[in-house]
Amino acid sequence: MASTAAHPHLHRGLKLLGTLLLTLSAITPASSVFIIAPGVISQAGSGAILSYLAGAVVGVFMAFVYAELGSAFPLTGGEYAITARTLGRLPGFVVLGLILITQLLIIAVIALGVGAYLSVVLPGLDGPLVAAVTCLLTTVVAVFDIKLNAWVTGVFLAIEMIALVVVAALGLFGPQRSPVELITHPVVAGDGGALVPASLGLIGAATAVAIFSYNGYGSAVYFGEEVHDAPKSIARTVLWALGVTVAAELVPVTAVLVGAPSLEGLFGAENMMQYFVTARAGSVANTVISLAVALAILNAVLAIILITSRMLFSTGRDRAWPAPVSRLLSSIHARYGSPWVATVLTGVVSAACCFIDERFLLVVTGTSIVAVYAALCLGAIAGRRNGTTGHAAYRMPWFPLAPVLALAALAYVIYLNALDPVIGRPSLYVTAGIAVVSAAYYLVVLRRRGGWDLAEP
């Protein structure tokens, strides 16, 4: 059943469209709009439009970085494989530790949203149990051929995009206020629910969440070893994925703020998106769209399990663990060409994590992506200087503007997190702790045994 070659290869069964469908499914714009956007609106009010615009600018910088690095190293190890080859093995293994823990836990965080939206039809569902079952069912699908998974995610992606078009139409075709007014005079709910001007500080803080909302376009690199003409295809996929994501999130968020019957009612609603849809189209429309969002979340779980399992497979191929563990993780299914052991392990661990307190999950995953982004920006700069990315088929424009400005934005995000004693500051401590443990494992285990084998597929 399994391939046991020293450096096993994944099957190249994807083209640009299939890779784009998988990448967009991992981003899951509908989940971002219905789950993450309300947090941005709560924080910045109608200034959320500015937060999403600023987040898109940072996204462009990071997309350039991802496109160049992914073009140079279209490896299934993703960020850790890139960092190890541009900055060195120690920073690469630190990124591996951050990504490994974050990816396994973030699947559970996303899966927990399935029960919340299914409860519109089936009230009283056990959220963690539904999430765990979602993880296990999608794991079964993820074991199959990558081309099949691309089309499965594509169908679900089409459903969630239709839901976003409906939301956008509900707001833009019946505007209650001007978007120019919302941008030039942003307001937020103050004490007692009264509208007050939204400060630049609030809008800036919400930008950090908007950046996370767009995150995922760089995940295209995880499919690099399964894509035809990977150096060019990965770069194009990253840039296309960001463009589609910005449009699919910014337009509906703007439409909700423009078309909500009452901003006071929107800001004070327990579920902003359900309030908006119900107010504009009725409870039946809300039920239909809620089911579409549940499908979007399920689709995201499938896509991220596909991504995480490939990263876990890469760690086995790179012999990051004791030999028996590494051999198991690098096993490839003889029929489907998938990393089946890594896929099953990813699904089982993620299902178990669904029963962990959600706030703890958010603390652990909160700022790891910022550290990984920073490592990639430094890797892009170092790669140009030391020549390791000289063979890339794609070269970002205006270098080094994109990585430098992205680093500045990330530093601001870290500063804002340090000011938040509830999740932000503890998340920074946890991220630092994971980095220290990862570095210790590399120094004590991998370097002492003679190094870390970065396999060339």
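**Notes on backbone geometry and cysteines**

1. Trp-398 lies in the loop between H17 and H18; helices here are DSSP runs of H or I with at least four residues, numbered from the N terminus. Although Trp-398 is not a glycine, its phi is positive, at about 60 degrees. The residue is exposed, with a relative accessible area of 65% (exposed means over 50%, buried under 20%, partly exposed in between, with a 1.4 Å probe and protein chains only).

2. A word on the basis: this is a predicted model, where local features need pLDDT of at least 70 and side-chain atom pairs count only at pLDDT 80 or more, while totals for chains, interfaces and linings use all residues. Residues are numbered from 1 along each chain as its sequence is written, and side-chain values use heavy atoms, leaving out hydrogens and water.

3. Please also look at Pro-400, found in the loop between helix H17 (368-386) and helix H18 (401-418).

4. Thr-28 is another non-glycine residue with a positive phi, of about 45 degrees. Its place is in the loop between helix H1 (16-27) and helix H2 (29-44). Is Thr-28 buried or exposed? Thr-28 is buried, at a relative accessible area of 4%.

5. On to the cysteines: with a disulfide taken as a pair of cysteine sulfur atoms within 2.5 Å, the count is zero. Cys-135 is in no disulfide, and the nearest cysteine sulfur, that of Cys-354, is 3.8 Å away. Cys-135 is buried at 0% relative accessibility, and Cys-354 is buried with a relative accessible area of 1%.

Notes. Helix = DSSP H or I, 4+ residues; strand = E, 2+ residues; numbered from the N terminus.
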